[in-house]
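Q: I'm new to this one and would like to go through it slowly. Could you show it to me first?

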Amino acid sequence: MKAPRLIIALAIASLGSGLSLEAQQPSPSVSTGFGVDTTVADVRDIVSLVRAYLAQPDTSARARGLWTTSTEFDRRVGDIGAGQTKQGFPATVVGVISTPGDSVYVVKILYARADSAAGIAPLALERLYAIRDARAPFRFKLASAFPRVTRDWERRSKGPLTFVYAPGQRPNPTRIDSAARFVDSVARLFDVPAPAHLDVIVGQSMDDVMRGLGLDFFIEPSGPGVRSGGRTLGPLLLVGNPDIGEAYYHEFVHAILGSHLRAGSLLLAEGVATWLGGSRGRTPAQMYGAVYRYQREDSTLTFTGLFRKGFELNDPLRASDLLYGTGALIANAVFQKHGIGAVRRLYQSTGDNETMLREIARALDLPVDNPRALDRWWRQEASARATH
């Protein structure tokens, strides 16, 4: 998989999980590692439970008696890592390890593909828990790692936000207050209810916060500046950039809008989040400047060309900046022309590439069947905003 494709795929995965945790791709196969002895009754039952769950890894697992409801988090959310790990990869149960008391097991699952040409391509190593329950179909139920791993982590709450700090991180009261105000303002702007509750894991890096979910490994794009340090997984936000910490506004936008408005395109989903909350610690104005800089460096770049190719470039950081910055330029211009109602409508617009280009042109008061008009607007708008 090429790096640019991975960047976009990870962004889509993050967006999708922010919108729904219901429909995840089942694993085509579930095998066991050499250290997993299924002649042991508990291990055999737990492996059977994992197979049943991964055949349909969604929130119906609770109704089917496969997932515990013993904690508030498991009742409300369940497998928070599903949007990351359940992407149709074969699964291997590599560990079923008892804990003191013998009523709880740690279950380690490796998601990976392998073939003779490319070798092994791992996606994630996930840690779930199996809780003994004699009434359950397999005598055990699965449980999330999050409540257990983070049980002793420091917490701070403000309104609907609960910040959970990885070891070594300290709360920043100023950023906490700012984040709470920002959440309220975005909800009011789009006329949607503020979130009832959001958990925000704050850590030193994405690896740091992913471990709080039970993801001991998750593949990330390589290269300087690529990792954003933020991700939205439904009612839980991950913040792995200590320079931004609790005030990771971009991800709050995804969390607020994702619960009520379905984004029709990645361009507008990331664009609106960047317009309101910046990107990777940069302000919207700095993102406009990045687009303008890339335009000056490459006169062959066109908005319509980038859009039709899914913003794929050999440089993943440039591709990400152009996607986020261009979407923000469009959101800002539509707001200035027609207000938040027009932004909201465009945000939810759906269709193939050509349909979406026409919708964007219409929202900007440009000819709908003249791609060159969109391309001219893109360069002129970036120049105007970058030099404003």
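Q: At what angle do helix α7 and helix α9 pack, and how far apart are their axes?
A: In this predicted model, helix α7 (residues 173-190) and helix α9 (residues 249-258) pack at an angle of about 45 degrees, and their axes are 10 Å apart. That makes α7 oblique to α9, since angles under 35 degrees count as roughly parallel, over 145 as roughly antiparallel, 65 to 115 as roughly perpendicular and the rest as oblique. The axes are lines fitted to C-alpha atoms, for helices over the stretch in contact, and the angles run from 0 to 180 degrees between N-to-C directions. Helices here are DSSP runs of H or I with at least four residues, strands are runs of E with at least two, and both are numbered from the N terminus.

Q: Which residues make the contact?
A: On the α7 side they are S178, A179, F182, V183, V186, A187 and F190, and on the α9 side Y249, F252, V253, I256 and L257, where contact means heavy atoms within 4.5 Å. These residues divide into 11 nonpolar, one polar and no charged; Ala, Val, Leu, Ile, Met, Phe, Trp, Tyr, Cys and Pro count as nonpolar, Asp, Glu, Lys and Arg as charged, and the others, Gly among them, as polar.

Q: How many residues of α9 are buried?
A: Nine of the 10 residues of α9 are buried, among them H250, E251 and H254. Buried means under 20% relative accessible area, exposed means over 50%, and partly exposed lies in between, with a 1.4 Å probe and protein chains only.

Q: Changing topic, where is R280, and what does its side chain join?
A: R280 lies in the loop between α10 (266-277) and α11 (284-297), and it counts as buried because its relative accessibility is 15%. A polar contact of 2.6 Å joins its side chain to that of D321; such a contact is a pair of N or O atoms within 3.5 Å, and within protein one must be able to donate a hydrogen and the other to accept it, while residues adjacent in sequence count only if both atoms are side-chain atoms. R280 also has a positive phi of about 50 degrees, although it is not a glycine.

Q: And what is phi for R139?
A: Phi of R139 is near 70 degrees, a positive value in a residue other than glycine. R139 sits in the loop between β4 (119-132) and β5 (140-143), and at 32% relative accessibility it counts as partly exposed.

Q: What should I know about the numbering and the values?
A: Residues are numbered from 1 along each chain as its sequence is written, and side-chain values use heavy atoms, with hydrogens and water left out. Local features need pLDDT of at least 70 and side-chain atom pairs count only at pLDDT 80 or more, whereas totals for chains, interfaces and linings use all residues.
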